[in-house]
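Trainee: I would like a close look at one part of this model. Please take me through a single sheet, step by step.

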4 protein chains.
Amino acid sequence: MKEKKLTYGMVGGGPGAFIGDVHRKAIGLDGKAVLSAGCFSQSFPLTLEAGKKLGLEEERLYRSYTEMAEAEAKRRDGIDFVSITTPNNTHYPIAKAFLEQGFHVVCDKPLTTNYDEALKLEKLAKAKGLLFAVTYTYTGYPAVKQAREMIKNGEIGDIRFIHGEYSQEWLAEPVEQDPSNKQAVWRTDPKTSGISNCVGDIGSHVENMISYVTGLEIDEVSARLDKMVDGRKLDDNAVIMVNYKGGPRGVFWCSQIAWGHDNDLSFRIYGSKGSISWRQENPNYLKIVKKGESLTIISRGRDAYYDHPASYIRIPAGHPEGYFEAFANIYSSFITALEIKKSGGEPSMEQLDFPTPVDGAKGVHFIEKCVESSDKKSAWVKF
Amino acid sequence: MKEKKLTYGMVGGGPGAFIGDVHRKAIGLDGKAVLSAGCFSQSFPLTLEAGKKLGLEEERLYRSYTEMAEAEAKRRDGIDFVSITTPNNTHYPIAKAFLEQGFHVVCDKPLTTNYDEALKLEKLAKAKGLLFAVTYTYTGYPAVKQAREMIKNGEIGDIRFIHGEYSQEWLAEPVEQDPSNKQAVWRTDPKTSGISNCVGDIGSHVENMISYVTGLEIDEVSARLDKMVDGRKLDDNAVIMVNYKGGPRGVFWCSQIAWGHDNDLSFRIYGSKGSISWRQENPNYLKIVKKGESLTIISRGRDAYYDHPASYIRIPAGHPEGYFEAFANIYSSFITALEIKKSGGEPSMEQLDFPTPVDGAKGVHFIEKCVESSDKKSAWVKF
Amino acid sequence: MKEKKLTYGMVGGGPGAFIGDVHRKAIGLDGKAVLSAGCFSQSFPLTLEAGKKLGLEEERLYRSYTEMAEAEAKRRDGIDFVSITTPNNTHYPIAKAFLEQGFHVVCDKPLTTNYDEALKLEKLAKAKGLLFAVTYTYTGYPAVKQAREMIKNGEIGDIRFIHGEYSQEWLAEPVEQDPSNKQAVWRTDPKTSGISNCVGDIGSHVENMISYVTGLEIDEVSARLDKMVDGRKLDDNAVIMVNYKGGPRGVFWCSQIAWGHDNDLSFRIYGSKGSISWRQENPNYLKIVKKGESLTIISRGRDAYYDHPASYIRIPAGHPEGYFEAFANIYSSFITALEIKKSGGEPSMEQLDFPTPVDGAKGVHFIEKCVESSDKKSAWVKF
Amino acid sequence: MKEKKLTYGMVGGGPGAFIGDVHRKAIGLDGKAVLSAGCFSQSFPLTLEAGKKLGLEEERLYRSYTEMAEAEAKRRDGIDFVSITTPNNTHYPIAKAFLEQGFHVVCDKPLTTNYDEALKLEKLAKAKGLLFAVTYTYTGYPAVKQAREMIKNGEIGDIRFIHGEYSQEWLAEPVEQDPSNKQAVWRTDPKTSGISNCVGDIGSHVENMISYVTGLEIDEVSARLDKMVDGRKLDDNAVIMVNYKGGPRGVFWCSQIAWGHDNDLSFRIYGSKGSISWRQENPNYLKIVKKGESLTIISRGRDAYYDHPASYIRIPAGHPEGYFEAFANIYSSFITALEIKKSGGEPSMEQLDFPTPVDGAKGVHFIEKCVESSDKKSAWVKF
């Protein structure tokens with residue numbers, strides 16, 4: 001008679017991994033799904049070690065993701081969805097395997113390393129009628145959702161100009177020359193990171209954020225990708241001029257050599273009737289200026305927010321919500337939609353408020369076009 | 001063979017309750033303890049309803065806290081600790097009942113409504129060798145722990161002056177006259193709230209925070225409690241001058257009529273060699289000024305932090321941590337200490353980094369002394 | 001046929017002096033009065049040296065202020081007003097001498113070292129029909145004037161609580177033990193500074209600012225004056241609880257041992273319908289919160305400002321105005337009123353927007369009452 | 001025997017003019033030069049009116065700038081320098097006329113409307129041995145000078161990336177359609193404003209600021225100039241990618257349609273060892289981050305500043321200096337250099353710390369190249 005909670009499995013996220021634990025914490029915060037199966041590592045002993053610590057039954061710890069997908073598909077009490085938190089270049093085959101076995105999927109970003117694979121996953125999920133979320137965390141912030149609603153409702157008029165930024169300092173030195181700095185090593189190596197490091201890792205977050213908040217589609221880009229540190233093999237800084245369909249213009253700056261910035265994702269959006277801006281490092285506030293009025297700072301609070309963004313708030317204003325809550329909001333949208341689906345309903349567009357393979361594919365496309373433009377000496381490249 | 005996780009029960013936190021859910025989320029974030037029993041409401045049907053939603057077995061849902069304490073004590077797989085999230089005036093008997101049955105306890109603040117009861121709980125827990133945490137959330141912020149370590153290490157020299165503040169706006173209007181505003185009704189009614197509203201609810205947070213960060217003990221206070229809104233029965237604003245043992249001085253301001261403030265808890269501490277300040281509404285940063293140097297802003301990041309506070313960080317700097325993470329840190333300290341105890345060890349002072357009944361008793365004492373001083377036209381009252 | 005500008009003389013402000021030059025610059029900014037006579041030092045050679053540098057005629061450089069007052073009174077082209085920028089304890093006789101000779105006076109703050117003398121100057125100026133300004137600079141900021149108008153117009157309702165602060169760090173060490181630090185030596189010595197250092201020097205600025213902005217009158221104070229640095233003879237830190245006539249309450253904190261603060265004068269005023277706050281170190285902005293609305297930040301700009309404060313703006317918003325402009329505004333009010341008087345008119349209350357001996361007397365009174373309260377262990381002392 | 005102060009004349013700045021009065025106030029603040037002659041308007045009656053108000057002798061009020069240049073050159077007590085504050089397109093002939101008559105010149109920015117004329121003025125001043133300052137105000141801020149010294153001294157290492165911005169909102173609506181808005185009318189009209197409005201008016205300030213602070217020279221630009229408001233004839237928004245000689249990269253954004261910004265000039269400069277940033281709207285602070293260290297905020301204060309920038313401070317830290325003081329610093333450098341020259345000396349490079357025609361010419365060149373690039377669909381254009 002007790003309600004059965006949703007269960008999920010995880011691929012990746014074993015000992016020493018970072019983002020897998022973030023996924024588990026984000027799910028744990030709301031407690032609406034229980035981890036029940038896993039293939040946490042390519043090494044089975046490590047999967048066993050992690051699984052025990054996490055309190056899983058040994059029979060649901062797997063040697064490979066294919067074994068896991070097949071075995072869980074056969075179980076009566078098999079998982080409801082899988083979370084994929086492995087390195088980027090493995091997302092495609094793993095996601096494909098689970099989709100084919102009929103599982104809903106949550107996958108870390110970037111979705112794949114090329115546009116074609118991203119499109120394939122999109123098609124496959126659609127064909128199978130399965131939910132698929134890509135964890136672009138930052139769109140999970142309630143303030144970001146509020147900005148989106150305000151723009152949708154015309155509060156700043158027609159968008160004219162967008163300034164997007166994601167600045168970091170962690171690659172300001174040639175830290176990849178220290179082999180123990182694995183994060184730096186793989187990010188800056190074309191073999192593992194693909195055609196771009198900085199635009200790929202963080203520029204794509206700017207693209208996704210602006211796309212989410214404004215609903216605009218990019219028409220063309222003119223980009224200059226820089227390698228600022230001696231010996232670096234991929235871009236660590238980039239400026240991208242953007243022309244959107246219908247007239248709006250923008251500029252993105254992303255950088256990993258910007259001393260003083262940690263994860264300084266921000267947007268400033270200027271319309272015909274006002275402007276709105278937000279910064280990830282102080283995410284509970286929106287700055288609004290309307291034509292002829294003074295600057296107003298809207299805090300996360302039910303009165304200032306529209307209903308939809310307000311529904312993502314867990315605690316009243318003045319008690320800051322942060323990154324984990326934003327991450328949990330991606331899962332909370334996904335799980336709510338899944339519950340509706342499982343109970344025979346169909347989630348509304350508003351309820352499907354999480355990034356999908358379409359968004360993931362857009363991100364990969366964006367990266368490719370920026371690199372192409374930069375290679376052509378910043379020529380404008382059409383989308 | 002899988003590791004058995006700790007289990008806990010909850011008293012309070014049924015349908016419509018607020019803080020119980022915050023406790024569950026805070027525990028869920030790290031996933032180190034599983035909710036297994038509960039008496040969520042005085043109404044058993046409501047307890048059943050909540051319990052089912054939370055996925056509990058019916059046999060572990062109880063009609064009363066006494067029944068729960070006794071039954072769980074008899075079970076082999078009984079809970080490891082209980083979380084008490086009921087109204088203030090019930091904390092004492094509930095905590096007592098569980099302590100007497102040998103359970104470790106986490107209890108919401110304020111611990112009790114008078115000093116004597118707080119002392120009794122303190123003694124009882126000690127006598128039984130049980131852990132007892134009081135959830136003064138705000139000391140769970142890593143930046144607060146870092147401030148404490150810096151002061152302990154003499155980085156700002158001997159403390160001279162402290163400015164503490166907790167300002168809110170939610171009682172700036174006579175909202176208690178609307179009976180549906182239950183929070184306002186009980187907070188402003190002496191029958192349910194005791195001798196003080198504002199000092200009791202938020203002034204005590206200032207007292208606890210300063211006590212935690214500085215280690216100072218109050219010698220005497222001179223207070224003026226104000227009723228600023230017509231018809232209000234208890235204080236909604238207060239200024240408290242504080243003399244600490246050994247010479248330091250301070251002033252606290254707490255207010256519920258301060259338009260523009262939500263939960264604006266802050267401290268600024270001035271020593272002989274520097275100063276340090278922090279604000280809860282932007283909790284990931286500390287402002288430090290050292291003699292002859294410019295203002296430095298330390299972000300939550302492993303390099304700037306001492307080991308102990310750094311151990312409470314879940315995600316690198318630039319990704320904000322907020323209120324839930326602070327709350328979870330109280331539990332994480334408590335659970336870690338409990339695990340050590342259960343495996344036969346004895347947690348160190350550093351590991352016992354959570355508020356205890358001693359702190360709870362101090363808070364109650366503080367409230368009583370402030371009211372006494374205010375009643376004597378701000379005479380200095382000794383502790 | 002060219003218009004004759006007003007001329008002024010100065011007492012004090014010779015070589016090495018600081019504030020005299022600030023007065024000259026403040027007047028020079030608008031260029032509405034020309035320096036024409038002076039007694040810049042007790043040493044005549046130094047007066048000569050300064051006078052030459054300033055381009056004055058030798059015949060209008062004087063050996064004493066009495067000589068100057070008499071001689072200028074006899075000249076056809078004698079000065080229109082005098083600026084007194086000498087040490088505090090000399091203000092009274094100098095101001096008296098010039099008033100008696102019929103000169104309008106501008107005098108640095110604090111006006112005198114005791115209440116009686118301040119009242120006498122007030123009476124004398126009134127009796128003679130002369131203008132008398134005291135340069136409490138900070139009320140010259142347009143944003144401060146705007147705050148005053150907003151409060152007058154009821155925009156934040158009835159005032160309930162005021163938090164006033166003036167914090168500095170310059171006396172955080174025993175710098176007065178270095179005889180070459182003259183400023184520190186005289187400020188901390190009762191012989192030259194009177195009964196109070198910190199309250200006298202900066203606490204009085206808080207009192208004056210709040211009085212100007214709110215129009216409230218103090219009913220009683222309860223103060224604790226601290227000597228935080230070993231060997232210090234006068235207060236360097238103070239907390240003052242204030243009860244205003246009619247019900248409003250406040251707390252002032254002033255400190256010279258607060259590492260990290262330079263001239264951190266600020267106010268936060270909470271009314272029944274909103275709040276308003278301002279900080280001298282970033283003086284071009286007001287923070288406004290109205291009942292049920294979000295925080296608004298009003299910049300110095302004609303649209304957001306009422307006419308009277310807007311009339312003190314010299315340059316559109318976005319180009320910061322600072323301390324000199326505030327200082328110049330005191331003079332600009334004074335000179336405008338003087339021009340009206342000289343052309344036979346009578347300046348309106350609004351035009352007389354500068355601090356007067358009444359304000360100076362209030363300041364001296366405030367200092368005396370705070371010291372009295374502190375001496376009586378913070379007893380409430382009536383005004 | 002009294003020291004003769006320098007005297008100056010002014011062309012422009014008559015009734016209703018804005019910037020002429022700013023020049024007079026900036027000079028008046030320090031009082032080191034006295035206005036003695038003028039041709040304030042093309043209408044002689046208006047010149048007479050202005051001159052009388054300013055206290056000038058009628059014989060030194062002129063019908064034309066040529067008459068003024070000739071007449072003053074013949075006088076024994078002729079002016080020492082002239083300040084030109086007329087519309088942009090008249091700067092060239094007026095400056096030329098005064099240079100040819102042997103006068104030192106201060107001229108408002110932009111120096112001329114094309115590169116050639118700017119170069120000619122530069123040559124002429126050099127040939128005649130005359131000082132020539134262009135009032136790019138913003139480089140007068142002490143914090144800007146401090147940033148420059150810090151970069152020169154290698155404190156942030158080799159420069160890698162620069163983010164420059166100047167954002168405003170005043171043209172966010174088609175305000176030029178109201179003929180009474182003269183400022184908007186002439187700025188947006190190619191006939192009076194030349195080939196660019198936004199880049200010309202404010203983009204050039206970014207270029208000048210970065211050039212001053214870093215000493216870098218632009219190698220090539222890729223620009224996109226936008227017309228965001230319907231019916232607008234010239235650019236009101238622009239993004240400019242910049243490649244500097246020797247490798248550093250940058251991006252400038254300037255905009256007049258950015259709701260919420262007044263005169264939001266800022267720079268952020270990232271080097272191999274640290275970063276430094278500054279914002280004109282809060283100009284007394286520099287943000288510094290050094291490799292491995294936390295953010296430090298340096299206030300205008302003698303201890304944190306190098307000697308040269310410190311020499312431009314008029315009042316200790318905590319008392320904000322603003323736009324007029326920055327403006328006055330351009331004049332103070334110019335006048336100091338002039339005094340040295342007049343006393344037979346030769347000012348050092350450090351003393352010649354004001355913008356010159358070389359800088360003015362660079363600004364004009366920059367505008368031309370940006371327009372060229374934008375016309376070629378953002379092609380990179382060499383300097």
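Which residue in β2(B) is the bridge partner of B:M10?

Mentor: B:G38 is the bridge partner of B:M10 in β2(B). A word on the model before we go on. It is predicted, so local features need pLDDT of at least 70, side-chain atom pairs count only at pLDDT 80 or more, and totals for chains, interfaces and linings use all residues. Residues are numbered from 1 along each chain as its sequence is written, while chains are lettered from A and ligands numbered from 1 in the order in which they are written.

Now the strands. Strand β1 of chain B covers residues 6–12. It pairs with β2(B) in the parallel sense, over six bridges. Two strands pair if DSSP finds at least two bridges between them. Strands themselves are DSSP runs (E, at least two residues), numbered from the N terminus. In general, strands of a sheet pair through backbone hydrogen bonds, either parallel or antiparallel.

Five strands of chain B form an open sheet, in the order β2-β1-β3-β4-β5. The pairing is parallel. Look at the edges next. β2 (33–39) and β5 (132–134) of chain B stand there. Each has a single partner strand, so one side of each is left without a neighbour in the sheet.

Technical notes: Helix = DSSP H or I, 4+ residues; strand = E, 2+ residues; numbered from the N terminus.
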